[in-house]
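Please look at the sequence and the model below before reading on.

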Amino acid sequence: MHSVTLQALNDFDEWRRAARGLLQAGIVPEDVAWRDPLTEAGLFGAEDVAEGDRPVGSVPPAFIELARTAIANADPERFALLYRLLWRLQADRSLLEVSSDPDVTRLVRLASAVRRDSHKMKAFVRFRSILDDSGLERFAAWFEPEHYSLEMTAPFFVRRFDGMIWAIVTPYASAFWDGESLASGPGGKKTDVPQEDAIEGDWKTYFSSIFNPARLKVAMMKSEMPVKYWRNLPEAELIAPLIRGAREAEQEMIERVASLPPSRHVRKKAREEIVPEAETEIVSLADARAAVQGCRRCPLYEHATQAVFGEGPKHAQVMFVGEQPGDQEDLAGKPFVGPAGKVLDAAVEKVGIDRSRVYVTNAVKHFKFEPRGKRRIHQKPDGGEIAACKFWLNLEIEFVKPKVIVALGATAAQSLLGRSATISKLRGAPITMDDGTTLYVTNHPSYLLRIPDREKQALEREKFEADLVLVRDAIEALEARH
Amino acid sequence: MAVLTLRRKLAILSDAAKYDASCASSGTEKRNSAGTGGIGSTEGSGICHSYAPDGRCISLLKILLTNFCVYDCIYCVNRSSSNVARARFSVEEVVRLTLDFYKRNYIEGLFLSSGIIQSPDYTMEEMVRVARSLRQEHKFAGYIHLKVIPNAAPDLLAEAGRWADRLSTNIEMPTDVGLASLAPEKSPSEIRTAMARVRGKLDEAAPDKKAKTKPEKFAPAGQSTQMIIGADAADDGAILHRAAGLYSGYKLRRVYYSAFSPIPDASSRLPLKPPPLMREHRLYQADWLIRFYGFDVPEIVSGGEDGLLDLQIDPKLAWALKNRHLFPVNVNRVDRELLLRVPGLGTKSIDRMIQTRRHHSLRLDDVARIAGSIDKVRPFIEAVDWTPGGLTDHARLRAKLTPQPEQLSLF
């Protein structure tokens, strides 16, 4: 039996040097007894230095990382477990990938217990302030970790509290930060740090006020904030009384009859009632634009961001009517700002229609979509939704009084004609509407974007532009007449 | 009017803030105070510095700037018609409390919300002043979460995002009809427009590899929202459908579900009893399954009855019990997507199983060791040495897998 005594409780490099020597000497794990400064003396035989020069294979970085953490576990078996794994890794370098192996499982468990302990230290250290005569403020905390995790956790406090002078004292070691460098020292006692801090009163007030007595979940609290940490948490003394009072407090809240509103509220309500909200009559485009935000004519308002009303000059000559706002239009609250809008703008400019005299809108004012993860997939509005929204399109036509209307796509054509329509049959010729307005029908610009074949896309773009040329000529003819 | 002490104000304004469920301090950029002479750090995952007996994490100093409010939302403890004690912090008081708490390692940072006073712009401006002072005057690098006041001016929103890690706007109710009946002064489309604006800013701030200049920082921990469960008639289907719409539209990091909880001086129009807390828990589970396990809303809802999730068993188990024809699946053969559908297996366990089975075929005790427990898994899988036989279709399977009600203990 070989025995190794380590000087530190949690020094990975020291263990590594020793383990390397054993490995070179070919000492099997069963023949090694590991001791640290806290191991009772005399448990094992005398020290026996192993020597040898067997080759030592490299180990995966994942092992080093896990071992560096696991070595801080207070489990007395940790050194032996690490050596056994090191030994086994010589024969099977992919051992760590076998999550079901008992040694691997144990290593992972030891490391994760240490990480948890370190995490709890980050969470539950409570500094107390000390103000000395010169007005210098320093902070100190007493903490009892379950494992030897101060060394690995102290850098966190350095990164967080750069501008403070602080000390953390534990039973086995301590750490000091003077604003410039981190120093370590021996373990200490609870009385090494101040026993009170004025701010703790505010903290306790906060703790008891933020607690909701109607939602008592004591087991949940205990699993996340184990009772063993309570003795160093100033707020913990409130827990028992808060739990005792909780049922009463909840009952009292439920039973208390609603009281009369305060006079401040009554005065405000009275002021509001003097100006009763008039039944909003829509007499202008601006009225319609405001009123559409409250539209409940179909269920689409429920999931869209907002209604997207038309935009353009009050008395535009030509009105383009699309299908419905898309994702970007819905977010921006403006029609045709997305990819399809860019196609339309480019075509309008190319054929020479004056964009400043164009009004753009949609047959349906709310975005209809199906949520899919982080994206919203466009869905075609149905006949009921189109019919319901015709109310708003009619108002736009009534107030803008365009000479020419262009239906972009089947939905717009259906809305304007009152029946389902086929683009290919209707495009290329003017349709005179009941009120004398001229209607042209063409594709929706997003249709062009969806054609994967380049040649076909170019062909369709030409047809689209040819339709717009007809629109341009119609506008010019109308102008010449006036 | 009597002058309130700071401690009394703290009591009033933290009591008023506790109905906001979020206390998250995670998911922001990594930064620290090293070499700055200031204090504060954020390192990815947040830290819960304490737990209240309601089982909720205390990570942030969660307070209102004021609980005076011009609105009269029926479900809210701070509505203008309520007789709760009122208070208002000064900007300096909030800054000092935050720093005092932070230096003692009580908190990760500040979550500041507020009742609406004077106007949305005025209220938002006051909140922005707190954040600006912490960041600029005090070199504070800890976490800041600011509530967005719908309708506040876009430049205030932009500045809020410059100082804050996270912004949130509460959708409040699962349906617009619910909001109209309980918060008639709030406009659902204004709330969603506020979220759309934040999303627009987040998109602008997203790093673009092609661009030469780095975009201006904006709320690196993104945005979140909250809805109240059980104060109106909306069922779980409506709630989850709303959540899915919000996730897809506004790039939300989280939707919080807050079971309506009795409030002091409640309006007689509210339900008398709160919904079971389990309902809230099931909604969080369902939310998770939809975001990370490939389930869609109708599938999850179909596991329960009448649009409500099963309160006794978790939503994945509920779904699996109604779709037993799809099971058992062979853990050594099926791909990740199908493993995600097995009750009792989480994403981490599944990834470890997939890694392990490259080396050797999985036995039942391998799965048990990796998953931690096997009862819920066993009827739905096949392994080298295991086949569930008639167990999958057993008539009493549901009863066997339903946890026994626990004895309520007070301490």
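What percentage of the contacts in chain A with a separation of 6 or more comes from residues 24 or more positions apart? The share is 70%, where two residues are in contact if their C-beta atoms, placed from the backbone, lie within 7 Å. This is a predicted model, in which local features need pLDDT of at least 70, side-chain atom pairs count only at pLDDT 80 or more, and totals for chains, interfaces and linings use all residues. Residues are numbered from 1 along each chain as its sequence is written, while chains are lettered from A and ligands numbered from 1 in the order in which they are written.

**Chain A**

- Chain A contains 17 helices and 14 strands; helices (H or I, at least four residues) and strands (E, at least two) are DSSP runs, numbered from the N terminus.
- The radius of gyration of chain A, taken over C-alpha atoms, is 38 Å, well over the 23 Å that the globule rule gives for 482 residues, so chain A is more spread out than a compact globule. The rule itself is 2.2 Å times the number of residues to the power 0.38.
- The C-alpha trace of chain A spans about 115 × 75 × 45 Å along its principal axes.
- Of its 482 residues, 36% count as buried. A residue is buried if 20 or more other C-beta atoms lie within 10 Å of its own, exposed if 12 or fewer, and partly exposed in between, with C-beta atoms placed from the backbone.
- Chain A is assigned domain 1 (2-119), domain 2 (125-192), domain 3 (199-255) and domain 4 (285-481); such bounds come from an automatic or database domain assignment.
- Between the C-alpha centres of domain 2 and domain 3 of chain A there are 27 Å.

**Chain B**

- Chain B has 14 helices and 10 strands.
- For 411 residues, a compact globule would have a radius of gyration near 22 Å, and the 24 Å of chain B agrees with this.
- Taken along the principal axes, the C-alpha atoms of chain B fill a box of roughly 75 × 55 × 45 Å.
- Buried residues make up 54% of the 411 in chain B.
- Residues 24 or more positions apart give 66% of the contacts in chain B with a separation of 6 or more.
- Chain B is split into domain 1 (6-275) and domain 2 (323-401), whose C-alpha centres are 40 Å apart.

**Where the chains touch**

- Chain B puts 73 residues into the contact and chain A puts in 71 residues.
- Helix H6 (residues 188-205) of chain B supplies the largest share of chain B's side, six residues.
- That side of chain B has 28 nonpolar, 29 polar and 16 charged residues. Ala, Val, Leu, Ile, Met, Phe, Trp, Tyr, Cys and Pro count as nonpolar, Asp, Glu, Lys and Arg as charged, and the others, Gly among them, as polar.

**Nonpolar cores**

- The largest nonpolar core has 154 residues, of which A:Trp166, A:Ile168, B:Ala131 and B:Ala160 touch the most other members. Such a core is a set of buried Ala, Val, Leu, Ile, Met, Phe, Trp, Tyr and Cys residues joined through C-beta atoms within 7 Å.
- Helix H7 (residues 236-250) of chain B gives the most to this core, namely seven residues.
- Apart from this core lies another of 43 residues, including A:Leu344 and A:Phe464.

**Strands**

- In chain A, an open sheet of five strands with mixed pairing has the order S9-S8-S12-S14-S13; two strands pair if DSSP finds at least two bridges between them.
- Strand S9 (358-362) and strand S13 (431-432) of chain A are the edge strands, each pairing on one side only.
- Strand S8 (residues 318-322) of chain A runs parallel to S9(A), joined by five bridges, and A:Met319 has A:Tyr359 in S9(A) as its bridge partner.
- Strand S3 (residues 60-64) of chain B has five of its five residues buried, so this strand is largely enclosed by the rest of the structure.
- S3(B) and strand S4 (residues 109-113) of chain B run parallel and are joined by five bridges, with B:Ile63 opposite B:Leu112 in S4(B).

**One residue: A:Ala474**

- A:Ala474 sits in helix H17 (residues 454-481) of chain A.
- A:Ala474 counts as partly exposed, because it has 18 C-beta neighbours inside 10 Å.
- Leaving aside neighbours within four places in sequence, A:Ala474 is in contact with A:Val404, A:Pro430 and A:Thr438.
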